[in-house]
Each structure stands twice: as C-alpha cells, then as structure tokens.
Amino acid sequence: MIPVKEILLPKSVDEICRLLQNNNGTSKIIAGGTDIVPGFHIESPRFTNIERLIDINNIEELKFISINNDVISIGSAVTFSEIISNQILNEKLPLLVKASKTIGSAQIRNRATLGGNFINNAPCADSVAPLLVYDAEIKIKSFTSEKIMKLQDFLVKPYGTRLKHNEIVTQVMIPISSGKLKGDFYKLGRRRAVSISRISLAVLLDLSEGIINELRIASGAVTPIGTRFYDVEQFAKGKVMNDESMKEIAIKLGERILDVSGVRWSSEYKIPVVQQMCYQLLKKVKC
Amino acid sequence: MRTEIENKKFNIVGKPVIRQDAYSKVTGKAKFADDYKFEGQLFGVMVRTKASHAVIKSIDYSQIRNEDGIKAIITSDDIPGNKKVGQIKIDQPVFCSEKIITSGDVVAMLVGEDQTELKKLSHKIKIELEKLPVLEDPQKALEQNAVLIHPESKTNLITHYPLIKGNVTKGFNNSDYLIEQNYTTQFVEHAYIEPECVTALPGEGMIKVKIIGSIQNPFTTRKVVASVLNCSLSEVEIIQAELGGSFGGKDDIMNVLSARAAVAALKLNKPVKIKYEREESILESYKRHPYIMNYKVGFSKAGKLKAMKIDLLADGGAYASMSPFVTWRSVVQATGPYEIENVQTDVKVVYTNNPYTGAMRGFGSPQPIFAIESIMDEIAITVGKTPFEIRKINGYRQNSVTASGQKLAGHEVTLPRVLKKAADVSSFNSKWKSNYASSQKLKQNNFADKSESLILTKNEFINPKNLLRKGIGLATSFRGCSLGAEGIDNTAAYVSIQPDGTVYILSGLAENGQGLRATFSIIAAEIFGIPIEKIIYLEQNTSRIPDSGPTVASRATLMGGGAIKNTCTELRNRLINVLSSYWKVSRKNIYVFKNGLVFPEQKKSRKIKFHDLIKLAFEHKVNLSHVGWYAGPKVHWEEKTGHGSAYFTYVYGCQVAEVTVNVGTGEVFVNNIWAVHDSGKVINILGAVGQVYGGTTQGAGYGLWENISTHKGKIRELNFDQFLIPTSKDIDKIHPYFIEGKESYGPWGAKSLGEPTLELTAAAIANAITNATGQRFFNLPLNIEEVLLRKKLYPESLKRGSAS
C-alpha cells in the first residue's frame, strides 16, 4: 500500500533543499526506489508516514562521475549500472565495481543508486564495505549548510544514518590514493543473482617487501551494519605477510565480528565462514 | 483402407516449431486472468486469523458491517451447496466456521470495490479463538495422544499403501552387505510467476455462473463450483485465461477461490474478482510434500540388489488434497528403476497443521528418487564399482518385473540405452573416478571435523588450491505415464475443418504454459499435411469440449495428443473416401498428405490441393467435424498387496550433474547438466528442450535452495526474498538428449517429458556434491548451511529484514 499523496520533481539540488527545508519526516527523497517501493508494499514502519516523495532521478548535478587531482567524485544518484560501465571506476576503484556487479539483477542495477544503498543502510548493502575501505567521504547539503563527513561516521545503525530530514547527500568522494592499494571483494549470497548478501568482505592491502604497510578491511551483512575493522588493521600493521599471519588476521577478524554482533542464529555458519573468506581473500590479494 | 504414415518421413513432427502464443506473450498482448476487467467488478479479500490450530469461538464483524466500502461479508453461511470440498476426501472448508487448522485458513471474504480498503477493514474484525496444540511434526501424527486435525476421521492417517514382493527378511539374510539410511525432503512452493487470480460472473441465460481464471484444470474447477453452488455441471462455465505457470499448483487452490468468487458473484449479482499477492499466494496455496524416508538395502559383493525395505512418511498438511494419489505414485516407483526380488514398501501420509500439500511437478517421485539414487551410490562405493556400473547391473531391461509385479513389456525398456548415453556424453566414469580419488585424499586433511568453537583453529583454514572441488553425479528413474490405476484415463478432442481448408482444433486438456497448443497443432498439421498456420487452436471452455480429466501427470502429449491424432485421422479417412470415389482409385492405396497436397503414393501424377479437396468434400455433404476420443488401456492395482500393472507404459531418464563445491563456504555451483530422456517420439523439439531447461532448473532449485519452513505451523518464507528459486546465472550449461524408444501408445509413440525432467536433478546434484567432497548429505535442500554444518539454520523471529 503506497501512502504517498504527492510526488515532486525538482530540477536542481537547491530546489530539493528548499523542498526539504521544513521536512518533519513526511517528505522522502526517492531515486531508484528499489528499497522504498518494496518497503511500501510490506508496510514497513519506516515508510508508513511518508506523504511526499521527492524524485531526484532527473537531476544531472547528482549523476556525475569525475576525477580531479586526488579525488574521485560520484554523484549520489549514479546508478550501479553506470558505475559498472564507467571506465575510470573500473580502473581506479575495482572493488566498488565488483561489488556493484553483485547487486540485485540488471533491472535493479539500472535503477538503484550508490547514495540510496548507504542511505538505506541495510546490513547487507553491498557497496558499503568497498566504500569503507576506500575511505569514502560524503557531501551533505541542506538549505542553509553544506558539510563533508566520513561515510564511516555517517552510518549509525541498521537502516539508520546521521542524515537529517532537511538534508540530502549529493556526492561520494574517494581519495585516489585508496585506488592504488591492491585488494579484492567477495560477496557470499545464497545464489548468484538477485541475492541478498549473507556475508560480504572487502580487503585492501599495501605490502612492501613482504611487510604489511597497511591493511584495510570491512565487512557487510555479518555485522549489524557495514563495518571497518580498524583494530584488526592495526593488528596486521607491520607483520610479515605469510600464511601464518594471514590466518591470525582472519581469526582476529572473526573474534572482532563476534564481539560486535554477538552470537546470533546465523553465527554458527557466518563466523567460521567469514574467517575462511578473509583468509582466502588475503591469499588471493597477496599473489 | 490404410492411413498409416508411421513409417513415412514426417512433415513437421519432431521439428522445431515456435509456439503460436509466443509472440502474444513476449509482447504483452496475451490476456492473463487479471487482464480481464468487467463493468461493476468487485473484489474479494480474505479474512484470516493468526492461528495455525484453534477453535473459532466467535467472529465479530460489527466494526465494519456498516462501512460503505463493504458490499458483502461472505461466510460459510452463504454457501448454498457443499461447504467442504476435496478431490479425493471432502475435508477442506471453503470458509472455516468451526476451526482453524492451518495458517492459510480463511474464515470469510469481504467484498467491495477497493481491494486496499478491504484489506485494512479486514484487520478490524474481532475473532475470538481458543488455541489448540499445533501438530507440526508428521512423525508425531500417529502417536496415541496426538491431537486430531480432523476429529471426524478419527485418525491423522490420510492413506497407507503397503507393497510386498518376495520376502525381505530372506533377502537381507542372503545379502553380503546391508545399508540403512534416513533421508528427508522439504516443503516446496510451486512459485508460478503469476499468483492466483479468478473472476466469477453471474451467468446469462441458462448458465448460472461463468468463471474466468488462472485455472489448471477447468473441469475439476467446474465440479467443485457446481457442488458448492448446488447446481448442475452444465450450469457452470469455466473459461481458462492464459496461465502464468502452474506446475501442478493451480488445481485445489483455484477450485476453492473459484467457489468463493462464485458464491459472492451470485449473492451480489455482480462480477467478483479474487487476486492474490505473492505473500497470500505462498501462505494459502498447497506445497510439495516433505518426505521422511528410511531405506534399508541388502546386496551381494558383486553389487546385485537382494532386498529393499522402504518406509516413507509424507506430510499431508491440513487437507488431504491429492495426497492419496501423490503417495500412490511413490509406492509404485520407490525402488527406482531396479529389479529386486524382495521388496517391502510402506507409504503413509498424515494430517498435520502445516500448509497442505498436493500436486506439484514430480508428484511423489522427486522425494524417493533423492533417497534411492543416494543409496545406490553408497552401494557402488561399498562394492568398489562406479555409480554407472551399479545401475547397469541392477537397472530395468526388457521384460524386467517391477516391485508391484508388473512385467515391463509392450514398450521398449530403454533404460540401458539412456544410461549409457548419459555416461558417454558426460564422460561420467572417468570424471567420477578422478574426483572420487581426490576427494578421498583431501578428506583426510582438509574437510576435517569442525571444532565446537566459532573461531577457527589454524589447521581449519583451507589451502586455496583445495577450496573449489569438482564433482559429478548421476541419477536414473523410470516413471509411469499418465494417471495409472487410480484414475479414469481418457481424453477428447474436437477438430473441425472449415470450407477454406483452415482447421479448428481443441482438446479437453488445458494449456498450462507447457506448450500443449503447439504440440496438438503440430499433430493436426502433420496428419492433414498442411502448414501449422492453418491450424487455429480454440479457447478453453468447459461448455465446448468433453471433460477429459485433469491436465496432470505429464499426460497431455500422450493422451491429449492421442485424441487429436485419432480425431484428425477420422476426418482424414473421410477425405480419402471422398477422393477415392472421385478419382476412382482404390481406398487401399496409401494416400499422402504433404505440403498442402493430397495424392496416392503409387500414382503421384494425380494430385489435389488440400483446400480443393475440402471444397469437394463439402460439395459431397461430408461432415468434416468430429469429436474424437482416446482411452488409455486397462490397468489395475491391488491396494492390500501393492500388486498390479500400475501404469500402461513408462518412460526412462538419466541425468548427470557436474558441480563445483566451495568447501569453505558451502556454495555449490552447477556447471553442467546432461539430461537424457526417452519420452517416446518427440513432437516439437523446441518444446522438448524447453521442458528440459525448465525441469532441470526447477529440479536444481529443489536440490539446492527452495525451502518452505514453518514455525508453529506458520510459513517463514512468504516471498521470493526468502524462498529462493534459481536464476539463469545459477546453472551454467544444460545439455538435452532424446532417445525415442519404441512405443505403441500415444501419437506415434510420444509419451511423457514434463515431470521426468524435474525429478532427477536434485538427486544427481546431491551425488555430485558427494563425489566432490567425499561427504554424503541426507536432507534437502543442500544449501550453504547444510553443506557446511549438516543442518538448517533459521532466525528465531518470523519478522522480515527492514519490516521490523
């Protein structure tokens, strides 16, 4: 049941900000709609009080991919299909492209947007783990202000972010230096397409002469929200990268995830498997 | 007069023919049930409770009775005829008035113009319930103190089929080895892409009610509606809309929905439509039976089966539905296609408070096939043979005798050919041996028993080069064609040649998306030697064609095709009569109908165009319309002993699956499926390969993903986010092969294919996983948790993701 009474089609970000100015939660921005529309149908309490949808699909300001000096910027309304077919992103941010390819189906990727994925902040949002290891920042605008925030800080809890009712996320910014690290992404779903992640894992690694200079590691679906594991990264730093240390890192990750998530119905499967996946990813990245 | 064309080259039979409905379906022009809209049409919305088993103390409609949006509240009291329905046992209420016995049960239907508003109003009804204990476990259904689901039947046992051949005790004593294993299978939803939809319209003239819907078996629906309305069959007219998938699933549920809509339409004198969304569809519709199976086998050192004792327990859920027929097929086929001297089989099906179970593609065969084909592989390993060899030793051949004492004669028993073909095209034996050797070696090191702790020990990490394991597995089956000894097996066809040489045809069987219209049109085009474009297939309407039984049991091509062929042949003979007297050429000549021409084979210079011949026949006042018939031969069954000629003919199949198993995550990827089937003569090769693609994919879904589970009788997986069917990315290559064994029944010996393609795949995949990992799995589906932990994991709450 769709409770919406009105759908607005603003022409610019400024106009969106104006429309959101006095929003008390009854107005909601919609891009691809791949979370909101099914949410209406299952009568999700997150969406039952929405009276007004602000459609941002036609706003070019939110649909760009650009690279300058040391930052890659991606408009929040860029779809996953656009990410997958973008040459720059394929070159510079392979983990994000790989994760994007695993999202839903071709039809869903044609509509679903990068911004929508982390603003909805489902535990299983597939683009979040790569964005976290890439140290992504986001730009947030309102009628009166503009700010930049780390994605890590923006994500609060399952389906919860720091976004206020009067704000819009306009773009994602990734330091180009992140793209220089070697890495990989693995999504474990129950099937190969139209699949909700059971576990996702993103790893970036900077090795020099066999020593771990820097490791970045983030997970999805196995923690309440996509999570970067700084303490595991710290643990790895300076270690010699060999079979032994890779196992230790994987075990450390398992312990941290267990700390964060506690024992759940799925832990018996997920905790051992995420360690196994982590080890396999590290092995793969190292070669 | 001879009209045999059996030994001639075919004009069109066996060639690839694009079905006539393809273009209208891919362009969106085809009319499905919800595409029919009528003036003044109202909607019916169901009222349910939150219980799975309870006594209804009272229902208070006072909060909504005076709402403008409500035109009527339909309950059991509005039913003029029988308040309960059922195809075998009359045990299913159209509306529950005394008790709720499963979570999908409906107590009333609200009728009004706005479906959304009616749904809201349905939550305002106050229903007072007295909860009863919920019986979820079929193994407890026959215990002395078990709660009775239908107290009037005095037991929860729906049916018990015994079968005894020889003496199993003796057989076990004469065996060198014994193996005993338990296997289980799960509830499965049909997952037809179009949910249930039907409209009932108050009739005109002498027709009392007209029903248009997504209906698998229009004649069954007619019978149920007439019984509920307490009227004659002739007063109910059922028209079949284009069907968006059925797989056996649009039978009982559509009969009940049609009856509800009909009661409301007659009460209000307005068209009433019922249209389900996915959640409601999964909640109320019936499922494939879960089975709990115990197999004990005795065999010699050489691998020859000596005795087999089989106990099957099926969960029938809340209503009997087709359970007695489903489980009867199991008793006939439970041993698999193997000749065994001593067999004892007991098949029981019981009531529980779970969703009810009924017909689904396979119909009592996929479950025992999973068990028997698993244990056959274990036998092979025990005696040091390959799965191929063990099946060759024990498999049926010409004149073998089945467990029910039926001699397999009168048709070609092609199992040895089918088996060999499958092994050859997949290089089965060499692959299996090499995978087996590496899985045995690696089992020692890597697929070790897991520790209790969730945190891995260092030796539990898997060397990346051993992470992905290849496996190949094989499964074979025999399958009785059509209804067998429990059903009345005959079909009708109507064929009418028009003065311009075009031809109307219609069968009493229904198009369920399987492509029956194309198959039947090919048969007619073949017999008249005219292009398929000249054949016009008519709309399915119960008033226009005799009742031909249900479109089930992979019987359409065999039985319906037989009727079409007989009917066309009768008209062709009439045309030959006309021609022979016109040309004064003996009727004993063979007449050829080809490329729109008719000529005597011996005298090709004499030719007449088909449409000129039709003109001639009309001038000679010959009736060029006919309703023909095809009746199956006699079959019989002794229920007490399980003896008899269960089915009049059989088909044979073998599938090989090749998989890659990630032993770190439990993921299984299906790389290849080779499907070799003897379905008799192939009428439309495009339709046949389509059946193989669809059937094996659905079978892989059964083996790896699809699972309906319950929590206190309530279904967890109410939509496709949780009930996972395979996508095109989940199976790589499917390779269909057909062997056309000799057969005297059916059109040119065409038999059955729809269900055989599905029943083998899960078993073949399970055997492939064992070949890859060295571990055997006993409980379908083999999802990631089962492969890694040998168990299923479920969330504690029924709440779904972002809804909470």
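The C-alpha centres of domain 1 and domain 2 of chain A sit 18 Å apart in this predicted model. Chain A has three parts, domain 1 (6–55), domain 2 (60–177) and domain 3 (181–286), with bounds that come from an automatic or database domain assignment. Between domain 1 and domain 2 of chain A, 17 residues on one side are in contact with 17 on the other, where contact means heavy atoms within 4.5 Å. Together these two domains bury about 1500 Å², 62% of it on carbon and sulfur atoms. Buried area here is the accessible area (1.4 Å probe) that two parts lose on being put together, summed over both. On the domain 1 side, A:V13, A:C17 and A:R46 supply 32% of the area buried against domain 2 of chain A, more than any other three residues.

A quick word on the ground rules. Residues are numbered from 1 along each chain as its sequence is written, while chains are lettered from A and ligands numbered from 1 in the order in which they are written. Because the model is predicted, local features need pLDDT of at least 70 and side-chain atom pairs count only at pLDDT 80 or more, whereas totals for chains, interfaces and linings use all residues; side-chain values use heavy atoms, with hydrogens and water left out.

Now for the charged pairs. A salt bridge is a side-chain nitrogen of Lys or Arg within 4 Å of a carboxyl oxygen of Asp or Glu. Over all chains the count comes to 56 salt bridges, yet the interface of domain 1 and domain 2 of chain A has 0. One salt bridge in chain A joins A:D184 to A:K284, with the closest N and O atoms 3.0 Å apart. That pair links distant parts of the chain, 100 residues apart: A:D184 is in strand β11 (residues 182–189) and A:K284 in helix α12 (residues 267–286). Helices (H or I, at least four residues) and strands (E, at least two) are DSSP runs, numbered from the N terminus.

What about the place where the chains meet? Chain A and chain B bury about 3700 Å² between them, 64% of it on carbon and sulfur atoms. A:R190, A:R191 and A:W265 supply 21% of the area that chain A buries there, more than any other three residues. Each chain brings 39 residues to the contact, and 4 salt bridges are counted between the chains. A:R190 also forms a salt bridge with B:E785, the closest N and O atoms being 2.7 Å apart.

Chain B is split into domain 1 (22–30 + 490–631), domain 2 (39–132 + 194–284) and domain 3 (291–483 + 639–789). The C-alpha centres of its domains 1 and 3 lie 39 Å apart. Those two domains of chain B bury about 1400 Å², with 67% from carbon and sulfur atoms. In domain 1 of chain B, B:A553, B:S554 and B:L558 lose the most area to domain 3, together 38% of what that side buries.

The structure holds 7 cavities of 30 Å³ or more. On a 1 Å grid over the protein atoms alone, a cavity is a set of points where a 1.4 Å probe fits but cannot get out, and lining residues have an atom within 4 Å of a point; grid points are joined across faces, edges and corners, and a volume is the space filled by probe spheres set on the points. The second largest cavity has a volume of about 120 Å³. Of the 17 residues lining the second largest cavity, the closest to its centre are B:T102, B:G104, B:D105, B:E284 and B:Y319. Domain 2 and domain 3 of chain B both give residues to this lining, so the cavity lies between them.

Definitions and conventions. On a 1 Å grid over the protein atoms alone, a cavity is a set of points where a 1.4 Å probe fits but cannot get out, and a pocket is an open set with protein on both sides within 12 Å along at least five of seven lines; lining residues have an atom within 4 Å of a point.
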